[in-house]
Every structure is written in structure tokens, then in C-alpha cells.
Amino acid sequence: MLQEAESIGSSAVFECQISPSTAVTTWMKDGSNLRESPKHKFTSDGKDRKLAIIDVQLSDTGEYTCVAKLGNKEKTSTAKLIVEELPVRFTKTLEEEISVIKGQPTYLTCELSKERDVVWKKNGIPLQPIPGKLAINIIGLQHAVTIQNADDDDSGVYSCECENLKTQGNVKVVEIEMDFTIPLKDVSVPEKKQALFECTITRDVPKVMWLKGSDIITSGTKYDIIDDGKKHMLLINECEFDDEDQYTIEVLDKKSTARLTVEEADPYFTVKLQDCAVVEKDEMILDCELSKDVPVKWYHNETEIKASKMVSMKTDGKRRILSIKRVDDKDKGTYACDCGTDKTVAEINIEARDIKVIRPLYGVELFDGETARFEVEISEDDVPGQWNLKGEVLAPSPDVEITEHGTKHTLTLYNCKVSQSGEVSFQAANAKCAANLKVKELPLTFITPLADVQVFEKDEARFECEVSREVKRFRWLKGSQELRADEKFEILNEGKKHIVVVKCATYEDEARYMFEAENKKTSAKLIIKGIRLEFIKLLKDVTVKEKDPAEFRVELSHENVAVIWYKNDVRLHPSKVVHMSEGGKVHTLTLKEVSLDDTSLIKAEALGKTAEATLTVLGT
């Protein structure tokens, strides 16, 4: 029989011996197989077999069996483990005496060795939770009572009871004794500066009283009284020599006293420089005032300012004045007046003048290649301007002229292009105006109109015209039918020149041909004359032997022209011995197996033109 383990390390061990030692052993608990694990450790040493059960708990109670197997034979040995439960106890008890500061929260905690229900009591009476005042909590084995804002009624004997166990503590609510944890300290400040007295006390109080000597101080322009919990402060503004005295704070029956000493102050600025904005070309005046009449230096962006025609520095009693005439953008920045012991600083911004447009721009409409002129007049004569065309900044160039004459600003655009059409804008400081530039195409004219064309049939016909400028859209027509480029028609565009070529003209191509662009037209007629046929290669005399073939060939200047062959002026027709062929412009006559009787005059005729040659057949 074992007792339940209270901590890691307590274990139970079962031992047995087996024979032979080669037998295989396994362990079981209550008929179920056990596996080796951190909870169950198996040991085998010769014939000895051990089972160790680590950190014995009540749940480990049961019947443990060692099973030995050798071949088909099996033997078992069984024993019981009985675990006794430990009694519950307090592992952490309440403190016997507990002191609580009045107004503060207090926490009472204890801890059991096992999870059990407990009862909290005060002076023997069970406690009940009170929202915002008393809470009873359980966290694992820990039990706690929290009491908020402790007061005298919360004093008493508190106990935590579990079954026949009990732990208790006596709670006493005590009040903090009023005292100064940080007393007042003597203060020395320069004249016109602020003095601060401060102290800290042990607990919050509803009211304190400040005194200068024996006079009570109240909040106002001269004094600021600040209460921040246990911390109390007195601020004395703009200290004068008359403010020197003993200053006292009284809290209940406690006092703390310190002395104020006012020292003669170094010169300082009683009226400081002010940030401001000045309009460009105006006069800028900065002034400030000192507590004493002492020399000063003026600075701009940390560089000392020197007097000049445009810059003056004046002294008027304690006042100091800086004047800068006709300011511009370089005058903006940080200005400072330094007396050696104090400095006043201001940021100065230079604003652009309010420039007005006296005479605005007007739109211009003109033809391609012409000159456009824009003119604007503004209210000031020393303000540079910027010209833009379609949002792009313009600069002088051979085609752009920009001039300024006093308040007048002029833009001249030479050789204007249609692509320049758009908004022309001008800006000088805050003055802006804009107008439209519209560049139109020149009216289209025909420099060279179409002319009638006469060609022989089968020749190439070419119509050509030239316009005054390039066009984007145009078309060719034959009669009322629009032409498209194909095997018959070739359409060419060479800048301002436009050409249509009629290939291998026939009588069907005779018509009026028209070129049309931007509602402008020019037309001309195509006239077809008879074919101007020529023999490029004439027939040649042929001499062959009897039974051999004889071949005659002629080449014309045109294709698709019929050729009629004659033998001694008798027209020949294709047969077994007469073969005629055509290959483009070449026409061939072949006479097979000629005989002596075939000696003759061979003639080729095409469109009234003829070519002749002699066929001579020799005997074999």
C-alpha cells in the first residue's frame, strides 16, 4: 500500500523473476496492455523484470500482471497496487496580521493542495461578493478575496475554511499620517521670469493654503495655484523685486516654508518679432523692444545684416527697427535680433504681388504657314512672363519670338502648322490669361490637273495630278465607280503627286477618270487606239532534211494577240503534222515529218502585220 504522491519523484515498483531469462515479458494493468512511457518504465536484467510507476496517483490503483512468453507457452504473475489519498491541506496560509492603508485596495490569498470548495468569513460571518467593493476569486488551487477602497468597516478577522481546515488573518485599516515627503525649497529667479514652488505630501487632502509672509495668496494674474493629487505648486508670474519674501504652504497642522530671491535680469526682449508676410517690392519693417537700452545685431538666415541703401537699422529708446526696401524672394527666411543675452526670431515670407491683366489675349485664326501674334498687357512693368502652347513652355527659336516692352508682352509664332492648334497661355506671377490658336489647312488647289490620255490597246495608261499640299483622304473614280488597287489598277501617292496606272488597257477601260480630295475634283478621259503591234523577232528561213520536223518562231510586242500561219498563202490549221503553240509574246509553228513537197513560203500574220520565211526540204 502506497500513499498518493505529493510531488514529482514518488514511484511504485513491481518486481519478479522469470525462467528462462530469454522469455519475452509484457506488463498489463487491469487486463489492458501497458506501453513504456514517462509514466511506466520497464526494466529487464537477466531473469529480473521490473515495472516502475512514476509519480503515483490515485488513478494508478489496480491489478498489475507480468506476462512471460516462450514459444507457445505463457505464464503470468499478478499483484495489486493500492494508493491511499493524501488529506487536503493549506500549502499557503493567510498572514496573521494584515495592515491596509485607508482608501487603498487589499488582497487576501491562500492556497490548497487539492481543488476543494472553501468558505470565506469575516468575524465568523460568511462573506458575499459586493460589486465594486468585494470580490471572491478562484484561480486553480489559489483562493482570494479583493477589497476595494478599504475603510474602517473593513477591519476584522478574515478566514478561509475548507472542510475541517481553517486559515485566518487579522486585517487592520490604518490612515497615513499627514507629512511632507518633498518640502518646499528656496527659489532664485531673474527679474520678470516665473518662479515655481512645489512640494509633495503623504496623502490627498481636500485643500491647502499658500501664504506670502503672513498674507494669504489666491489665484489670479500674479499667482497660479495648482493641486495635482499629492503634489502642490505655486507659480509666481513676472517676478519683481517686491515679490521677494518667505512663501509657506499649510496643510492641516503641517507647514513648509521657503524663500524667493529675485535677481537682476539680463536684458531681454519684452516685445518680440512677429512672423509675417510681405508683398514683393514693398518695404518690410520689423520691430521689437528690449527691457534695457543695449546694442543689438540683426541677422538674416544666420548671416549678420549690414546697413545699405536698401537696408536701415534704427534705435528708438528700447525699440529696435529693421527696414528693407523693395523686398524680393531672396529676402524671405529667418530674421533674428540678438542683444547677447536674449534673441527674438521671426519667419518672413515674401508673397508675389497681385499682378493684374490690363489687356487680355485674343484668339488667332490663320492658315498653315502664316504668322500668329499674341499680345497681353499687365499692371506691372518689371514682372517676367512665361508663354505656353498646348501646355508646353515656349522658348525663343527661329519660329518663336518673345518680346517684353514695359507692361506689354508679345509672342510671335512664324510658319504656323495645323498641329500647333490649341491653347496659348501667358502667366506673370499670379496674372494669367489664355486664348486659342487655330491653324487651318490652306485651300486645296490643283497645281497640275489630270490630262486626257491616249494609249494603244494593251499598253499601260497613266493618269497623274499634283495638289498644292498633302491630303489625308482622297479617291480615284472611273466614271462613278471608285477604284481600288488590284491587278488592273495601281494607285500611287508620292507626297503631293497622285497617280493611277491602268494596266494592259483595253477598249473597256475607256472612260472618264477622276481624282477627288476635300471636295476638289479633276478628271480626264482615257482613249484607246489600235494596238501598235510590232514583230520583236521575225521569222527565220529554215532548211531541214526530209522526214525531219521544221520549226518557225516569231515574237510579238504584245501578249494575247492571235497569230495566223500560212503556207504558200494557204492558211494552216492544227493537225497531226501541224502544231501551233503560244507562250506569252512568242508564237511557234512546228511541221512534223516534212517532205520535199513541203518546200514553201511560211507566213505569220497578226493584226494585219506579216512576217515571212522560206522552208527548204532537202532529199535524203
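1. A strand here is a DSSP run of E with at least two residues, numbered from the N terminus, and two strands pair if DSSP finds at least two bridges between them.

2. A word on where this comes from. The model is predicted, so to speak of local features pLDDT has to be at least 70, side-chain atom pairs count only at pLDDT 80 or more, and totals for chains, interfaces and linings use all residues. Residues are numbered from 1 along each chain as its sequence is written, and side-chain values use heavy atoms, leaving out hydrogens and water.

3. Back to β62 and β63: they belong to an open sheet of five strands with mixed pairing, in the order β56-β63-β62-β58-β59. At the edges stand β56 (542-545) and β59 (570-571), each with a single partner strand, so one side of each has no neighbour in the sheet.

4. There is another open sheet of five strands with mixed pairing, ordered β11-β18-β17-β13-β14. Its edge strands, β11 (97-101) and β14 (125-126), each pair on one side only. β11 and strand β18 (residues 165-174) go together in the parallel sense, over five bridges, and I101 stands opposite V174 in β18.

5. Now zoom out. The protein has zero helices (DSSP runs of H or I, at least four residues) and 63 strands. Its radius of gyration is 63 Å, well over the 25 Å that the globule rule gives for 620 residues, so the protein is more spread out than a compact globule. That radius is taken over C-alpha atoms, and the rule is 2.2 Å times the number of residues to the power 0.38. Along the principal axes, the C-alpha atoms fill a box of roughly 165 × 125 × 45 Å.

6. How much of the protein is buried? Of the 620 residues, 37% count as buried. Buried means under 20% relative accessible area, exposed means over 50%, and partly exposed is in between (1.4 Å probe, protein chains only).

7. Finally, take a look at I402, which lies in strand β42 (residues 400-405). I402 is partly exposed, with a relative accessible area of 28%. Leaving aside residues up to four places away in sequence, I402 touches W387, L394, A395, P396, T410 and L411, where contact means heavy atoms within 4.5 Å.
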